Structures are given as C-alpha cells and as structure tokens.
Amino acid sequence: MQYTRRERGLANYHYDQTFFLSQISQDALRKTIFPLGDLTKNFVKKIAAEHGLHHVLKKKESMGVCFIGERNFENFLLEYLEPQPGNFVSVEDKKVMGTHKGWFLYTIGQRARLAGLKDAWFVVDKDVSTGDVFVAPSTDHPALYRDLLRTNRVHWIAEEPPVELIRDKMMECHFRFRHQMALVPCVLTLNQDGSVWVTLVKPARAITPGQFAVFYKGDECLGSGKILRMGPSVYTMQQGKNREEGPKKEEIDKIEPAT
C-alpha cells in the first residue's frame with residue numbers, strides 16, 4: 001500500500017503530514033482512513049463556514065511546541081534538566097564568545113544570543129563531552145552546510161526497501177529533515193545493517209543528529225531513518241583544502257623569477 005502526499009489531501013507541501021507519519025507501520029496504514037482525502041485546508045475551512053462552525057474558523061493554529069503552551073522553551077527544559085554550563089566557541093578561531101546553561105538548550109541552525117554582541121551568531125555544532133557550543137557569525141556560514149549523512153536502520157513504509165535500492169545498492173530520490181523544507185534531491189546508499197548513507201546533490205543547512213531523514217520517490221513517501229552521523233561541513237572541507245594548497249603556494253613563492 002503506497003503512502004502518498006496527494007492521497008492525504010496535501011496539495012500544499014506546507015501542510016504535508018507525511019513527514020510526521022513517515023514511521024507509520026504498514027499494518028497501521030492499511031487500517032487507516034484519512035477522511036479529508038484531497039481537500040486543502042482552505043477548502044475545509046470553507047465547508048466549516050457553510051455549516052456554521054465558526055468556532056473552528058476562529059481557533060488559532062498552533063505554531064510552537066504545542067504541549068508546553070505559551071512558555072519560554074529554555075525555562076521549560078531547565079525545570080526538568082540540571083544546568084550544564086559551558087562555552088559558546090567561535091568555529092573560526094576557537095575564541096570563547098560567551099557562556100550558556102547547557103548544550104541541550106540549543107539546536108544547530110538557531111540564533112545564539114551572545115551577551116554584549118549586537119551581531120547575530122548561529123549554532124553550527126556541539127561537543128557533548130566538553131559542553132562547547134560552536135557558533136559562527138552568519139546565518140549562511142559554510143559551517144552550517146553539509147552534503148552527507150547516515151541514518152539508523154530505515155523504516156520503510158512498504159516494509160522492504162525499494163526494489164531499485166536492493167538491486168543496485170544505490171538509488172536517487174528526494175528527502176527532507178524538517179517538516180516545511182523543500183524536497184532535496186539525493187542518492188541513497190544501502191548498508192548491510194539497513195541504514196543508509198544520504199548524499200545530497202547540494203549541501204543543506206543545519207542538518208542535525210536526532211532528526212529524521214524522510215525519503216520520497218515521486219509522490220510517494222517511502223519511509224524514514226533517524227540521522228545518526230553527519231559528514232564534514234562545507235567550512236571544514238574548505239579549511240582542509242586551504243591547508244593542502246598552503247604549502248604549494250609557499251613553494252611557488254620561493255621560486256625565483258626567470259631572468
């Protein structure tokens with residue numbers, strides 16, 4: 001049984017729920033009915049208005065973490081977790097930029113509000129062993145971009161990996177790791193343990209371990225796997241390339257000009 005975005009009434013990808021349902025089992029799916037079918041949210045609201053269900057129309061949509069309500073997310077976590085003070089560290093020069101109450105309060109890609117600095121810095125990586133949260137001075141800093149990741153064992157909604165992936169051990173498809181992000185072309189490489197390497201056609205911003213990589217082929221949601229590892233960032237690759245080219249440049253500079 002296929003699980004497609006179109007069949008779930010998801011004409012606008014912003015309301016595509018396949019991301020959240022990508023771990024559903026085939027047994028559960030074959031017993032599930034999606035009553036809204038191909039209807040968009042606006043059309044459902046139109047039906048509600050025609051039937052006098054104005055309380056539905058006036059109800060605000062949830063945009064945050066629904067189960068904590070209108071509360072500060074950091075304060076909410078610190079009610080249940082002990083603070084683990086650490087440093088904000090510049091990814092470029094390893095300079096300590098400030099302190100924080102716990103690495104678990106930050107996710108890759110979010111803005112890090114550093115005391116005394118009006119310019120925006122963003123979280124690019126975390127070291128759980130030291131408590132360091134690495135930051136960079138731009139929302140599009142190359143340290144935020146990666147084009148390689150590995151998942152745990154993938155949950156395939158069809159119960160087995162796609163025939164093409166089993167046959168060739170590689171397959172082109174699309175993926176996303178956030179609900180509202182556009183689909184990104186990628187190549188999957190199947191490992192013996194059922195996990196996959198995901199190689200992106202172009203680097204994506206703020207890929208984070210613990211998030212789910214959800215895979216699509218055409219209009220079908222194939223399933224998903226939790227992101228466990230990431231390849232080096234574009235910034236790390238650039239630094240490595242610069243180190244390799246450095247000695248060569250010095251050697252060229254030492255060559256005396258021809259006379």
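**Note on the predicted model**

1. Strand β4 (residues 121–127) runs antiparallel to strand β5 (residues 132–136), and five bridges join the two. Two strands count as paired if DSSP finds at least two bridges between them; helices (H or I, at least four residues) and strands (E, at least two) are DSSP runs numbered from the N terminus. Asp127 has Asp132, in β5, as its bridge partner.

2. This is a predicted model, in which local features need pLDDT of at least 70 and side-chain atom pairs count only at pLDDT 80 or more, while totals for chains, interfaces and linings use all residues. Residues are numbered from 1 along each chain as its sequence is written, and side-chain values use heavy atoms, with hydrogens and water left out.

3. The order β2-β1-β5-β4-β3 describes an open sheet of five strands with mixed pairing. Because β2 (96–100) and β3 (111–112) are at the edges and each has a single partner strand, one side of each lacks a neighbour in the sheet.

4. Helix α2 (residues 41–50) contains Ile47. This residue, Ile47, counts as partly exposed because its relative accessibility is 31% (buried is under 20% relative accessible area, exposed over 50%, partly exposed in between, with a 1.4 Å probe and protein chains only).

5. Ala158 is placed in the loop between β7 (155–156) and α5 (163–168). Leaving aside residues up to four places away in sequence, Ala158 touches Gln26 and Leu222 (contact means heavy atoms within 4.5 Å). The C-alpha atoms of Ala158 and Cys221 are separated by 9.7 Å, with the two residues 63 residues apart along the chain.
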